[in-house]
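Please read this briefing alongside the sequence and the coordinates shown below. It takes up helices, packing and aromatic pairs in turn.

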Amino acid sequence: MLLKISEYVTNSFVNKKIINSDSADIYIYGFQLTFSTLFSIITILLISSLINFLFGIIFLCFFMPLRFCAGGYHSKTYWNCFILTNLSFILVLFVSTLSSAHYIYSIFFLVCLLSLWFKAPCINKNNPLSDKYIKKNRIYTRIILTIDFFFLFVLDHFDPFAFILGTNTIYLVFILFAIGKLENKKVNTKITDQN
């Protein structure tokens, strides 16, 4: 479905001579990625509106920027990505309702922060990056982590649940990052073993 929508939009742009037909495949890919992300954002906001709209905003603000820059596990299809993202939101929301120990969060957050700070981005075979983008994403990840740290500090003083939700969202990004790193090791090991 995303492919058909993306092809339709791209063909419309080609017919109106907004884009060149030689680069149509790039635009189709870009539209698929954009629509997939938009659909995920919309459904997360719809789900959160049934409980508390602010929860969806907090999740998206902590998840999307850091996830895009730090990288990690990527689904093989847009549909799987859509499902995983929405289920992740529901899981983080559920786990956040069960959590309350701030000092444990502070210690584990420091471990996650340092791991992402020094090891991001994770290069994934489903989302390869050039050396230029690796350097940019490392810088962006560090900027986002600094901003997230500041907002978590503020949230902790005004809304403890929002603090926990934001922290759990960063943990989720870290887990996806770690899974991506493990996948890369397995792929590299297989390649090495074949040689």
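The notes that follow are grouped by topic.

This is a predicted model, in which local features need pLDDT of at least 70 and side-chain atom pairs count only at pLDDT 80 or more, whereas totals for chains, interfaces and linings use all residues. Residues are numbered from 1 along each chain as its sequence is written, and side-chain values use heavy atoms, with hydrogens and water left out.

**Helix H1**
- Helix H1, residues 2-15, has 14 residues and reaches 20 Å from its first C-alpha to its last, close to the 20 Å expected at 1.5 Å a residue; helices here are DSSP runs of H or I with at least four residues, numbered from the N terminus, and the expected span is 1.5 Å times one less than the number of residues.
- Within H1, Leu2, Ser6, Val9 and Thr10 are buried, where buried means under 20% relative accessible area, exposed means over 50% and partly exposed lies in between, with a 1.4 Å probe and protein chains only.
- The face of H1 turned away from its buried side carries the exposed residues Lys4, Tyr8 and Asn15, and just after H1, Lys17 takes a positive phi of about 60°.
- The buried residues of H1 pack against helix H2 (24-51) and helix H4 (78-98), with contact meaning heavy atoms within 4.5 Å.
- Ser6, which lies in H1, is buried at 0% relative accessibility and touches Ile28, Phe31, Gln32 and Phe35, not counting residues up to four places away in sequence.

**Helix H4**
- H4 has 21 residues and spans 30 Å from its first C-alpha to its last, close to the 30 Å expected at 1.5 Å a residue.
- Its buried residues include Phe82, Thr85, Asn86, Phe89 and Val92.
- Seen down the axis of H4, the buried residues fall within an arc of 145°, so they line one face of the helix.
- The face of H4 turned away from its buried side carries the exposed residues Trp79, Leu87, Leu91, Phe94 and Leu98.

**Nonpolar core**
- The largest nonpolar core has 36 residues, and those with the most contacts inside it are Phe59, Phe63, Leu66 and Leu116; such a core is a set of buried Ala, Val, Leu, Ile, Met, Phe, Trp, Tyr and Cys residues joined through side-chain atoms within 4.5 Å.
- H7 gives the most to this core, with eleven residues.
- Phe63 touches Thr85, Thr169, Leu172, Val173 and Leu176, not counting residues up to four places away in sequence.

**Aromatic pairs**
- The count comes to nine aromatic pairs, where rings of Phe, Tyr and Trp (its six-membered ring) pair if their centres lie within 6.5 Å, and planes under 30 degrees apart count as stacked, over 60 as edge-to-face and the rest as tilted.
- The rings of Phe31 and Phe35 have their centres 5.8 Å apart and their planes at 15°, so the pair is stacked.
- Phe31 and Phe35 are four residues apart in helix H2, separated by about one helical turn.
- Phe31 is buried at 17% relative accessibility, and Phe35 is buried with a relative accessible area of 17%.
- Phe55 and Phe161 form a tilted pair, 4.8 Å centre to centre with 55° between the planes, and this pair links distant parts of the chain, with Phe55 in helix H3 and Phe161 in helix H7, 106 residues apart.

Key
Helix = DSSP H or I, 4+ residues; strand = E, 2+ residues; numbered from the N terminus. Arc of directions from axis to C-beta.
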